[in-house]
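Biologist: Can you take me through this one? I'd like to start with the overall layout and then pick at a few spots.

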Amino acid sequence: MEQVHLNIDGKDILTTSDRTILEAARENGIRIPSLCNEQRMEPYGACRICLVEVEGARGLLPACYTTVTDGMVVHTATEELIRIRRTILELILSDHPKDCMTCESTGSCELQDLAYEYGVKDARFRGEEHHYEVLADNPLIERDYDKCILCGRCIRICREVQGVGVYDFVNRGFDSVPGIPYDKPMMESPCEFCGQCVSTCPTGAITSIPSKGKGRSWQVEKVRTTCAYCGCGCQLDLHVREGEIVEVSSPLMVGPGQGNLCVKGRYGYSFVQHEDRLTTPLVRKGGDLVPAAWEEALGMVANHIREAMDDEGPDSVAFLSSARCTNEENYLLMKLARAVVGTNNVDHCARL
Amino acid sequence: MTNSIDDLEKAGCILVIGSNTTEGHPIIGLRIKQAVMQNECKLIVAEPRHIRLCYYADQWLQQRPGSDVALLNGMMNVILAEGLADEEFIRERTEGFEEFKKVVEEYAPERASEICGVEADEIRRAARTFAGAERAAIVYAMGITQHTTGVDNVLSLANLAMLTGNLGMEGTGVNPLRGQNNVQGACDMGGLPNVFTGYQAVADAKTRDKFETAWGVDYLSGNPGLTLMEMMDGAHAGDIKVLYIMGENPVISDPDVEHLKEALERVDFLVVQDIFLTETARYADVVLPAVSFAEKEGTFTNTDRRVQRVRKAVEPPGEARDDLWIIAQVSSRLGYDMGDTPAPRIMEEIASLTPSYGGISYARLEEEGELRWPCPSADHPGTPILHVGKITRGKGLFSPVEYRPPAELPDEEYPLVMTTGRLLAHYHTGTMTRRVKALDELVPRNQVWVNPGDAEKLGVGNGQEVALQSRRGSIRLEAKVTDKVGEGVVFVPFHFGESPANALTNPALDPVAKIPEFKVAAVRILTGESMAGINYSTSVT
């Protein structure tokens with residue numbers, strides 16, 4: 001790996017020889033459009049929307065696939081490039097539904113954003129259009145191949161990152177789609193329902209069923225937090241709309257997961273607002289647990305602890321703190337046991 | 001973990017033992033798979049079941065449940081015999097090698113093989129692969145610890161790491177995967193009967209002085225308290241009068257559930273603070289409604305000692321209240337004023353009393369996202385890898401470890417070995433995941449995995465309803481006939497209250513760590529008419 005000087009759109013850039021033009025540009029605040037590229041995967045060079053002009057090179061080069069070299073001079077937004085990108089978008093849109101009004105991905109669709117940016121209102125090209133059946137053969141992941149742009153991101157994330165390989169291109173030419181072997185339902189495939197394919201799909205071709213209709217990207221507030229399941233500690237963005245968690249994603253290249261999530265992390269959130277949640281203290285009266293006011297419940301707890309401390313000593317009281325609760329909560333319960341009650345009888349389920 | 005999740009990809013070899021990583025810790029599983037697929041890391045999986053990681057492995061060692069010490073001693077015997085040990089590391093950074101060597105010399109691969117069931121040549125090959133890698137990492141989970149020999153198993157892994165010099169560098173280490181989001185943090189915070197925060201012993205007078213001064217009290221006890229299993233026994237015997245449980249569901253998670261239920265019934269006063277009316281809360285005298293992770297501010301410490309923020313995203317339902325508030329309220333009613341308890345202020349108090357958390361603050365976490373302890377001061381960057389240059393205790397201590405069999409072995413009456421574990425779609429006692437409709441649809445019911453050979457002998461078909469019985473209890477569930485378990489072994493996930501695996505598990509404890517032997521219990525399968533007239537454990541009311 002060596003140091004490399006190059007110039008992109010008039011800006012002198014110092015980077016290293018392992019970088020692609022796309023990476024070097026992004027790291028320096030220069031945006032080159034892309035569709036098939038995503039940070040979690042190897043470059044693929046399929047969509048050609050990231051073509052750039054490199055002085056002295058034969059033809060135009062895909063920025064995602066071309067590594068930088070010393071002295072390179074790159075132009076990312078010439079008139080010719082813009083014309084080519086528009087044509088690529090028009091070709092894609094010639095066989096793409098125009099149902100952005102109801103499409104689940106509106107607002108987070110990379111194709112929609114580029115069509116908007118490049119002012120592509122309608123496709124000049126008229127030709128055959130696909131009309132596949134929408135596949136919702138499982139509780140989590142819906143596939144609408146009409147919206148597939150064949151970028152291969154679902155195939156590659158499942159194979160390269162997840163190491164599973166549920167998808168691959170089936171059929172040829174115009175009829176290619178990222179299919180599942182023998183067109184089986186996802187429940188019968190090795191799919192782990194991590195939703196990584198959903199997280200990388202640039203359009204509305206692969207979407208999460210539980211989030212359907214629950215909120216547009218601009219309607220949700222994203223709250224960064226840590227997953228509450230296993231000990232990996234993946235970073236989550238909870239998408240909240242009007243007080244309800246409607247979706248979960250993970251910030252790319254951040255934390256232990258680097259933007260990847262499992263089925264529990266991505267889809268295991270609706271318990272938070274489940275109707276079974278406890279909403280009031282309960283105390284046992286006549287054999288049954290009945291709702292009570294906080295004052296009464298807390299008073300009972302304190303009285304019984306006090307009584308046991310006085311009659312039998314502090315060690316007749318025991319506390320279980322929790323591997324599910326926060327550090328601060330565990331600290332405070334430990335302090336309650338030791339400093340207030342005066343017992344070391346405090347443990348939790350570390351062994352279980 | 002001695003090392004970081006991020007540096008697994010630097011390993012030339014990873015030994016995964018007693019961890020179904022892709023299901024129990026899916027994202028660490030993902031990082032291991034990436035190491036194999038992208039970096040040509042050699043993966044050795046030692047596991048009684050065929051797990052998904054076996055598809056990526058260079059070698060799968062199918063040891064008998066509870067025979068890990070024999071397998072590891074066998075591998076180390078080969079490493080010594082073939083001169084593959086890291087002699088410089090042993091000489092300069094460890095002690096106790098000679099006594100250890102004497103024991104390991106008794107475990108020639110052939111003898112180890114007889115005990116653990118893995119062929120001698122496979123043991124040799126695994127030893128050569130592990131010792132031959134420039135950097136080799138060990139990853140383990142509850143399959144190693146939940147045995148009456150849990151401590152022995154862990155010591156054996158430490159021996160293997162030291163023998164091959166695999167400590168204190170990227171891509172090496174002894175890496176336990178902690179099973180719950182904040183089990184590391186709960187331990188760090190002194191949620192243990194013998195230590196205050198940061199593992200400062202209650203028996204140490206100076207430490208007690210420090211905490212007494214900070215807390216303004218003068219009566220802190222120097223006698224270690226009771227462990228969880230001892231508390232339950234105490235409650236059963238009538239010695240524990242009040243039991244206060246915050247965010248735990250032992251009726252599903254603990255071994256020998258029937259005994260535990262009796263303990264909860266007998267205890268004079270049971271307080272449960274939780275977000276649902278769990279199987280455990282049903283036994284309570286008072287239930288306090290707490291808030292979920294999405295409704296509060298705080299921090300979790302993950303398995304590689306990374307302290308990260310938890311942030312409030314939504315309001316809690318009804319009158320459910322923040323756990324910090326609840327604890328402070330109980331405290332003030334007992335005459336001790338904890339003052340204001342916003343999470344950032346509590347972290348300041350933790351940092352002031354805990355050397356390893358000394359440099360951790362909300363301001364820094366906001367800025368830096370994550371900090372790995374030990375992080376002793378505000379200008380300390382945190383510690384991704386432990387034991388760099390020098391082992392923390394001074395010299396790494398080799399421990400001579402002899403194989404001991406599990407507490408309960410199969411016999412004529414109970415001829416099968418049951419081992420328990422988790423599934424990808426569910427989590428622990430199922431309180432959360434089984435209330436997520438889509439996850440419950442993926443795996444709606446419990447199954448016992450039975451080897452086709454055993455199934456044929458017993459006349460059990462795939463999908464058939466059977467009874468599973470141990471000396472402690474009985475459950476009814478569906479049979480899944482699969483060669484992913486070996487003959488004589490059955491596997492049962494423990495997420496399902498309607499057929500709780502822990503009605504059957506053995507409460508026998510490791511003598512040091514007091515961890516129960518969840519991974520080995522003798523059981524039998526009943527079918528047809530013999531299933532009638534049995535009192536089955538179930539939490540469905």
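**Chat about the model**

Modeller: Before you start, note that this is a predicted model.

Biologist: Fine. How is chain A divided into domains?

Modeller: Chain A has domain 1 (3–77), domain 2 (125–273), domain 3 (278–307) and domain 4 (313–352). The centres of domain 2 and domain 3 of chain A are 44 Å apart, taken over C-alpha atoms.

Biologist: And what secondary structure does chain A have?

Modeller: Chain A has eight helices and 16 strands. Its radius of gyration is 27 Å, whereas the globule rule gives 20 Å for 352 residues, so chain A is more spread out than a compact globule. Along the principal axes, its C-alpha atoms fill a box of roughly 90 × 50 × 35 Å.

Biologist: What share of the residues in chain A is buried?

Modeller: Of the 352 residues in chain A, 49% are buried. Among the chain A contacts with a separation of 6 or more, 56% are between residues 24 or more positions apart.

Biologist: Which strands of the two chains end up in one sheet?

Modeller: There is an open sheet of seven strands, with mixed pairing, in the order 14(A)-13(A)-9(B)-8(B)-7(B)-15(A)-16(A). Strand 14 (288–291) and strand 16 (346–347) of chain A are the edge strands, each pairing on one side only.

Biologist: Take strand 13 of chain A. How does it pair with strand 9 of chain B, parallel or antiparallel?

Modeller: Antiparallel, over two bridges, between residues 282–285 of chain A and residues 286–289 of chain B. Val283(A) has Val286(B) as its bridge partner there.

Biologist: And how many bridges join strand 13 to strand 14 within chain A?

Modeller: Four, and those strands also run antiparallel. Leu282(A) in that pairing has Pro291(A) as its bridge partner.

Biologist: What sits between strand 3 and strand 4 of chain A?

Modeller: Six residues, as the two strands form a hairpin. Gly56(A) in the turn has a positive phi of about 90°.

Biologist: Now chain B. Which residues of helix 14 are buried?

Modeller: In helix 14 (residues 257–266) of chain B they are Val257(B), Leu260(B), Lys261(B), Ala263(B) and Leu264(B). Seen down the helix axis, they fall within an arc of 155°, so they line one face of the helix.

Biologist: Why would that spacing put them on one side?

Modeller: An α-helix has 3.6 residues a turn, so residues three or four places apart point the same way.

Biologist: What does that face pack against?

Modeller: The buried residues of helix 14 pack against helix 12 (228–237), helix 13 (250–253) and strand 8 (269–274) of chain B.

Biologist: Last one, Thr227(B). Buried or exposed?

Modeller: Thr227(B) counts as buried, because it has 21 C-beta neighbours inside 10 Å, and 20 or more is the cut-off. Thr227(B) lies in the loop between helix 11 (205–215) and helix 12 of chain B.

Biologist: What is Thr227(B) in contact with, leaving aside its neighbours within four places in sequence?

Modeller: Asp347(A), Pro193(B) and Lys514(B). The C-alpha atom of Thr227(B) is also 9.5 Å from that of Ile515(B), 288 residues apart along the chain.

Methods: Residues numbered from 1 in each chain as written. Chains lettered and ligands numbered in written order. Predicted model: local features only at pLDDT ≥ 70, side-chain atom pairs only at ≥ 80, totals over all residues. Domains from an automatic or database assignment. Pairing = 2+ DSSP bridges. Buried ≥ 20, exposed ≤ 12 C-beta atoms within 10 Å, placed from the backbone. Arc of directions from axis to C-beta. Contact = placed C-beta atoms within 7 Å. Rg over C-alpha atoms; globule rule 2.2 N^0.38 Å.
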